[in-house]
Amino acid sequence: MSVSARADAAALPETRQGRYWLDRESVLGPVLLLPAVIYIVALVGIPLVLAVMYSLSDVTVGDQSIDFVGLQNFRDALDSSTFRTALKNTFVFTIVSQMIVLVLANILALVLSADFKGKRLVRFLVLLPWTTPIALGVLGWLWTLDNVYSPIDYLLRQVGLLGVGSPLGSDWFGTNALWLAYPDRAQFSVLFVHVWRTLPLATVILLAGLTAIPQDVKDAANVDGAGFFRQVFAIRIPLLLPIMAVAVLYGIVFTFTDMTVVYILTRGGPVDSTQVLASWAYFKGIEGGSLGQGAAIALFLFPVLVGVAAMMLRIAKRAETV
Amino acid sequence: MAVVEVRELSKRFDGVAAVDGIDLASTDGEFLVLLGPSGCGKTTLLRMIGGLEPPTDGDILIGGRVVTNLPPRARQIAMVFQSYALYPHMTVYNNIAFPLKAAKLPKAEQTRRVAWAAGILGIEGFLDRKPRQLSGGQRQRVALARALVREPTVFLLDEPLSNLDAQRRASARDELQGFQRRVGTTTIYVTHDQVEAMGMGDRIAVMEQGRIRQVGTPHEIYDEPADTFVATFLGSPPMNLIPDAASGELLGFRPEHFIPWEAGMGNDWVRFPYHVHRTEYLGAERLLYGEVGEAKAVARFPANSDINTEIGSTTDYAVRRNDLKRFHPETGLRLDRPTNGRQP
């Protein structure tokens, strides 16, 4: 009896220590961090290292041995006119679409921040394109912009803007606009779909920013004698600038790295006129099989993304300090 | 400078009256305080005068002109908000200059006026700073400068001191009143703090549930309350209310007027048996808590007075007849006063 009782007493501190080992921050911290670390290393770190290694080698789908060839892949990429078109398109699509989005999102957010009947429904509808999977949304546009059955063409025909004698000029005399068949119209279509896709998120972000402006500040501007335009341009937009930067940075990332729109809508055509870096890397590296080439092309996205990430972190840090 | 007047002014939100048919007029250059508990409609009334809230009914006149349907910028008013509502992205200079820019004044005139307003409030030193780099008191002065700079006919102040700490608030009261006296602009000041109201107001309008209970000087409000609400809202602790078995009325008296019978005496004193069951020492004063009959009553003395009533005992206490106020037991209205509270 007494012996076992003593043994219990001796065992007590031990179990206590064992049971509470997770309470120690030096243990708990690493344990909780581990999943994130594994995730980042496995899904971001290793692919990035692989991409760099591939880009410096002659690896292909058929021959996966990595033989280093220096900067040959980058030289080849820069020599190709398709690559240069893709590089230019990537920047043009991103910059132009985000400029349009910024203007439209500001107007839309201002309108939606007003109080009116059915506001919730309208907000929901505005956000809808964002909730649709990109591929499905773009498929919808693929059909909408169809060379023969496009409903847009139908409408244009009905109002007389398409067909022989169109006031828009002889380019519009055909029975169909062939939105995806002419380089300029295909580029316009891609740009348009990007705007359609990124506008909702930007609007919602700006809307949140607008509602975050204190009512008192708006009231003060009102009492201080500011008219509508002064209130918008001297108070609201300046106060929205940081949040606008966030919206634009998101838009840049989504547009800059996107290949779905181009892949589904035009497959980079006609004659590579809508090719972007992401799609070109895919066509070269995966469909064409030269992984090294594809990796080199994709790595051109890297500096811009690093820059965007740095800016986002700066904004986040500034938001913390205010 | 101007007279502000509201006539039969009402504001209903979804059928609920926040402001319920108020008639009120300031005098020229007056410091008029709207005092009441939260939700009494005082801020709504102020916002209607400022044009930030459209009234459901009634009229607002500033300087004799009906402004009921005019936007704020057409009213020649300036407002200071509880949060100060400074423009966070602008420097102090640009904050103060904002109303002048909106009024499209020439640049040179803007500079001159900003310097003048900043001088009056002693904030010339930080015109280049952003609001977030300022202390609460400095922000408040910037907000006042922004209100002052346009030389408005009326100042509307919405609890401008409530974001200051207690110590700073006392000196801010002093500064604010001095400032108002210097510029002489009609001022309407909203607060729920009776100390601010008593200390600064030329007159106080006590509000409750969207209506004005009494308008008067701090003296009138405190010494001659129009009803039991005003009597118990002002004063800390509030006025004692004792039902009088003989007349059926409510008798009201201030805790500081309630003293032991021996200390008072004389035939203009009214005697009450007072049962004391607790005492509080508050440094400068001493409070006795107890009952007269069934009703609770508080007595207040300076801490250094030698009055010493034993806890648990019942002693005779007395109030001078002049300090007894009589109220109707149901309506709460004052019975022994020719004008029943409401004043023009």
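Is B:Tyr84 buried or exposed, and how many C-beta neighbours lie inside 10 Å? B:Tyr84 counts as buried, because 23 C-beta neighbours lie inside 10 Å. The cut-offs are these: buried takes 20 or more other C-beta atoms within 10 Å of the residue's own, exposed takes 12 or fewer, and partly exposed lies in between, with C-beta atoms placed from the backbone.

## Model and confidence

This is a predicted model, in which local features need pLDDT of at least 70 and side-chain atom pairs count only at pLDDT 80 or more, while totals for chains, interfaces and linings use all residues. Residues are numbered from 1 along each chain as its sequence is written, and chains are lettered from A and ligands numbered from 1 in the order in which they are written.

The model scores ipTM 0.80 and pTM 0.76. For chain B the mean pLDDT is 88, and 97% of the residues reach 70 or more. pLDDT is the predictor's confidence in each residue, from 0 to 100. Over residues 340–344 of chain B it stays under 50. The model has 11 contacts beyond four places in sequence for that stretch. Two residues are in contact if their C-beta atoms, placed from the backbone, lie within 7 Å.

## Chain B overall

Chain B has nine helices and 18 strands. Both are DSSP runs numbered from the N terminus: helices are H or I with at least four residues, strands are E with at least two. The C-alpha trace spans about 75 × 45 × 35 Å along its principal axes. Of the 344 residues of chain B, 42% count as buried. Among contacts with a separation of 6 or more, 64% join residues 24 or more positions apart.

## Sheets

One open sheet of chain B holds six strands in the order 6-7-8-3-9-10, with mixed pairing. Its edge strands are strand 6 and strand 10 (211–216), each pairing on one side only. The twist averages 20° from one strand to the next. For such angles, axes are lines fitted to C-alpha atoms, for helices over the stretch in contact, and angles run from 0 to 180 degrees between N-to-C directions. Strands pair if DSSP finds at least two bridges between them. Strand 3 (residues 31–35) and strand 8 (residues 186–191) of chain B pair in the parallel sense over five bridges. B:Leu32 stands opposite B:Ile188 there.

A second open sheet of chain B has four strands, in the order 2-1-4-5, and its pairing is antiparallel. Strand 2 (16–25) and strand 5 (65–66) are its edges. Strand 1 (residues 4–13) and strand 4 (residues 57–62) of chain B share five bridges in the antiparallel sense. Here B:Ser10 stands opposite B:Asp57.

## Helix 5

Helix 5 (residues 166–183) of chain B has 18 residues, so at 1.5 Å a residue it should span 26 Å. The expected span is 1.5 Å times one less than the number of residues. The end C-alpha atoms are 26 Å apart, which agrees.

B:Ala172, B:Leu176 and B:Gln180 of helix 5 are buried. An α-helix has 3.6 residues a turn, so residues three or four places apart point the same way. The buried residues of helix 5 pack against strand 3, helix 4 (136–148), strand 8 and helix 6 (194–200) of chain B. B:Gly184 follows helix 5, with a positive phi near 65°.

## Hairpin and loops

Strand 11 (residues 240–243) and strand 12 (residues 250–253) of chain B run antiparallel, joined by four bridges. B:Pro243 stands opposite B:Leu250. Six residues lie between the strands of this hairpin, where B:Gly248 takes a positive phi near 80°. In the loop between helix 8 (228–233) and strand 11 of chain B sits B:Pro237. The peptide bond from B:Ser236 to B:Pro237 is cis, with omega near 0°.

B:Tyr84 is in the loop between strand 6 and helix 2 of chain B. Its phi is positive, about 70°, although B:Tyr84 is not a glycine. B:Lys104 also is not a glycine and has a positive phi, about 55°. That residue, B:Lys104, is in the loop between helix 2 and helix 3 (107–121) of chain B. B:Lys104 counts as exposed because it has 8 C-beta neighbours inside 10 Å.

## Contact with chain A

On chain B, 18 residues are in contact with 15 residues of chain A. Strand 6 (77–80) and helix 2 (92–102) of chain B each supply at least two residues of that side. The residues of this side of chain B divide into 13 nonpolar, three polar and two charged. Ala, Val, Leu, Ile, Met, Phe, Trp, Tyr, Cys and Pro count as nonpolar, Asp, Glu, Lys and Arg as charged, and the others, Gly among them, as polar.
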